[in-house]
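Welcome! Please take a look at the structure below, and then let us walk through a few of its features together.

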Amino acid sequence: MNAHTRIHSLSFDVEEHFQVSAFESPMRRRHWDQFESRVERNTHRIMELLAVRGMRATFFVLGWVAERYPALVRDIADGGHEVASHGYAHQLVTSQTPAEFREDVRRAKGILEGILGRPVYGYRAPSFTITRETLWALPVLVEEGYCYDSSVFPVLHDRYGLPSANPHVHQLLTDSGLLWEVPPSTVNVLGLRVPIAGGGYFRLYPYSLLRSFLRKLEGEGVPLVMYLHPWELDPEQPRMEGPLLSRFRHYLNLHRAEARLRSLLEDFAFAPIREVFGPIDEACRGRSPVDAPSGGALRTSKHASTVVN
Ligand SMILES: [Zn+2]
């Protein structure tokens, strides 16, 4: 890495392996407390891998997890990472009413802020389910004190996605005020917007192909927005019953994910979302006078400010 290395953003949605939307069922949800918890161990493993490279990331922590493991939330923050919100109960936004959504994002923010003693500004919806049908969620996030969202995936998918959405980091004017949107990275291949940001895609493509896509974006001066989940680095996790497609997506190449993350951390430099996109950090600081600077020079991203629309 040299002084001119571009810094990208890396994030983790901190949830248990049994909470993923692909295996969602009311029956399983009722038994969440009876499954073996693996999230603390898996999240600490990620922090170890990041520490080896001297890198930090954003962790979107589920309120349900934070409530049970407050020490994990403190450990994430103490490691210099950014703590953000993944909502409370991992209900798809597309299955909630606006009132239920407001309660969910308020509860999660309150729990995280209660543990940390400082504001939390970022939000990512379960399974990126802010879609054309749930755009009403964006002003609710502003009203609840969030300053950026990373839930609108500009791709076509059976469960989420808004193919026509702006694929770059940009500022949105909602009915309730300004909100920054941080879409997961995609590349344009022959006119098709292809997701390369992480999760199942990260495990599906051969690493050399993924890296060439990421280098292409980097060459265009676009900071990457990548994401993974702690359970993706846990090939030993107990197997869930569920539809064939869900099992394929969830269990594909889990045994390769850790080595692949190491390669990613060797090939690219990462930091938390707020640090990579300076204007977002400024907007967050502008929200609250009690949000003391965390120290250190924050990078400003020329790209982010030029794509504001
Ligand atoms: Zn999730």
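## A nonpolar patch on the surface

In this predicted model, three residues form a nonpolar patch on the surface: Leu204, Leu245 and Phe248. Taken together, they have about 290 Å² of accessible area.

Is Leu245 buried, partly exposed or exposed? Its relative accessibility is 45%, so Leu245 counts as partly exposed, because that class lies between the 20% limit for buried and the 50% limit for exposed.

## The zinc site

Now turn to the zinc ion. Which residues supply its protein donors? They are Glu15, through OE, and His86 and His90, each through NE2. These donors lie 1.9 to 2.1 Å from the zinc ion. Along the sequence, the spacing of the donor residues reads E-x70-H-x3-H.

## A serine pair

Our last stop is Ser127, found in the loop between strand E4 (122-123) and helix H6 (137-143). With a relative accessible area of 16%, Ser127 is buried.

What does the side chain of Ser127 make a polar contact with? The partner is the side chain of Ser21, and the distance is 2.8 Å. So here you can see a loop residue that is buried and whose side chain contacts another serine side chain.

Technical notes: Residues numbered from 1 in each chain as written. Predicted model: local features only at pLDDT ≥ 70, side-chain atom pairs only at ≥ 80, totals over all residues. Heavy atoms only, no water. Donors = N, O, S within 2.8 Å, 3.2 Å for Na, K, Ca; no water. Patch = residues over 30% accessible without salt bridge, like charges linked within 9 Å, V, L, I, M, F, W, Y side chains within 5 Å. Areas by Shrake-Rupley, 256 points an atom, 1.4 Å probe, with all protein chains shown as cover. Salt bridge = Lys/Arg side-chain N within 4 Å of Asp/Glu carboxyl O. Buried < 20%, exposed > 50% of the residue type's maximum accessible area, 1.4 Å probe, protein only. Helix = DSSP H or I, 4+ residues; strand = E, 2+ residues; numbered from the N terminus. Polar contact = N/O pair within 3.5 Å; in protein donor to acceptor, adjacent residues only side chain to side chain.
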